[in-house]
Amino acid sequence: MTEPKPATGRFAGLTAIVTGASRGIGLAIAKRLVAEGGRVVLTGRGSEALAEAVESLGGSNVALGIAGHVGDTDHQSEVVALALDVFGRIDLLVNNTGINPVYGPLVDVDLDVARKIVDVNCVAAVSWIQHVHRAWMAEHGGAIVNVASVAGLRPAQGIALYGATKAMLIHLTEALAVELGPDVRVNAVAPAVVKTRFATALYEDREDQLKATYPLKRLGVPDDIGSVVAFLLSADSSWMTGQTLIVDGGVLLTGGAA
């Protein structure tokens, strides 16, 4: 019987937790990590979608999917415990989950909804970092990437509260980079509009008009973000921490924020 070849690549022997990874940007990040030798633990709300994602990545030898609510601390504890039990380590964390259930003027936002957005987009990210730091990274080191948005760098009409939470996430990235260095690096990525189900409302029925405002004349795709996140998680960025890489097709140069 032929034994499997050892994994090779930038992430050989390393394990990552990627939240919100059953599809879209999160799944693209996971695919990039696995393609370069890593193992991934995926989270998301739907068990069926996660099972399909795990299968697409190559099955249980390289991927594990655990359904739950990203802000549930019991779920976070379960994911961390299973990651350590199955793969033995947690070297990398990607806080990818984000929500934006409202579109419209900030002055009209329901405050209960506002609290939910802050909790999922910011508080949950801090909680995930606390969990992996206590369980593994404090002793062994690691790298973390938070998925922010260009809306956190410049106001975007209709999604102001979402943008405010992403601005907070960028600030948290910087603060945590100072606190957790030198053994743990913390960076962020700020995409513009990426063609995912999450962002459909931003480009549906006006994609041609929107992409014309981008110097690169196209909207992003999940792989555009996956490759940059992989760089930030890898040793290739070993002298970078507290940074937010803008991946926007150049749109901020034209005055846009989406």
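Let me start with Val40. Leaving aside neighbours within four places in sequence, Val40 is in contact with Ala16, Ala30, Leu33, Val34, Leu57, Val62, Ala63, Leu64 and Phe87, where contact means heavy atoms within 4.5 Å. This is a predicted model, so local features need pLDDT of at least 70, side-chain atom pairs count only at pLDDT 80 or more, and totals for chains, interfaces and linings use all residues. Residues are numbered from 1 along each chain as its sequence is written, and side-chain values use heavy atoms, with hydrogens and water left out.

Val40 belongs to the largest nonpolar core, which has 31 residues. A nonpolar core here is a set of buried Ala, Val, Leu, Ile, Met, Phe, Trp, Tyr and Cys residues joined through side-chain atoms within 4.5 Å. Buried means under 20% relative accessible area, exposed means over 50%, and partly exposed is in between, with a 1.4 Å probe and protein chains only. Which members touch the most other members of this core? They are Val40, Leu42 and Leu233. The elements giving two or more residues to the core are strand E1 (15-18), helix H1 (24-35), strand E2 (39-44), helix H2 (47-57), strand E4 (92-95), strand E5 (142-147) and helix H8 (222-233). Helices (H or I, at least four residues) and strands (E, at least two) are DSSP runs, numbered from the N terminus. There is also a second, separate core of 23 residues, and Ala83, Ala124, Ala177 and Val184 are among its members. In soluble globular proteins, nonpolar side chains tend to be buried together.

One of the contacts of Val40 is Leu64, which sits in strand E3 (residues 63-67). Not counting residues up to four places away in sequence, Leu64 touches Val40, Val41, Leu42, Val54, Leu82, Val86 and Phe87. Leu64 and Val41 are 23 residues apart in sequence, with their C-alpha atoms 4.7 Å apart in space.

Ser60 is in the loop between H2 and E3. Is Ser60 buried or exposed? At 58% relative accessibility, Ser60 counts as exposed. From Ser60 to Arg39 the C-alpha distance is 9.4 Å, at a sequence separation of 21 residues.

Now the overall numbers. The protein has eight helices and seven strands. Buried residues make up 48% of its 258 residues. For that chain length a compact globule would have a radius of gyration near 18 Å, and the protein agrees, with 18 Å. The radius is taken over C-alpha atoms, and the globule rule is 2.2 Å times the number of residues to the power 0.38. Along the principal axes, the C-alpha atoms fill a box of roughly 60 × 40 × 35 Å. Of the contacts with a separation of 6 or more, 71% are between residues 24 or more positions apart.

On to charges. A search of the whole structure finds eight salt bridges, each a side-chain nitrogen of Lys or Arg within 4 Å of a carboxyl oxygen of Asp or Glu. Arg32 and Glu36 form one of them, at 2.8 Å from N to O. Arg32 is partly exposed at 32% relative accessible area, whereas Glu36 is buried at 14%. Both residues belong to a salt-bridge network that links Arg10, Arg32, Glu36 and Asp236. Arg89 pairs with Asp91, the closest N and O atoms being 2.9 Å apart. In that pair Arg89 is partly exposed, at 28%, and Asp91 is buried, at 6%. Asp224 bridges to Arg218, with 2.8 Å between the closest N and O atoms. Asp224 is partly exposed at 21%, and Arg218 is partly exposed at 40%.

Two backbone points. Most residues other than glycine have a negative phi, and most peptide bonds are trans. Gly181 and Pro182 are joined by a cis peptide bond, with omega about 5°. Pro182 lies in the loop between helix H5 (160-180) and strand E6 (184-191). Lys217 has a positive phi, near 60°, and lies in the loop between helix H7 (207-211) and H8.

Last, confidence. The mean pLDDT is 95, and 96% of the residues reach 70 or more; pLDDT is the predictor's confidence in each residue, from 0 to 100. Among the elements, helix H6 (residues 200-203) has the lowest mean pLDDT, 70, and E4 the highest, 99.
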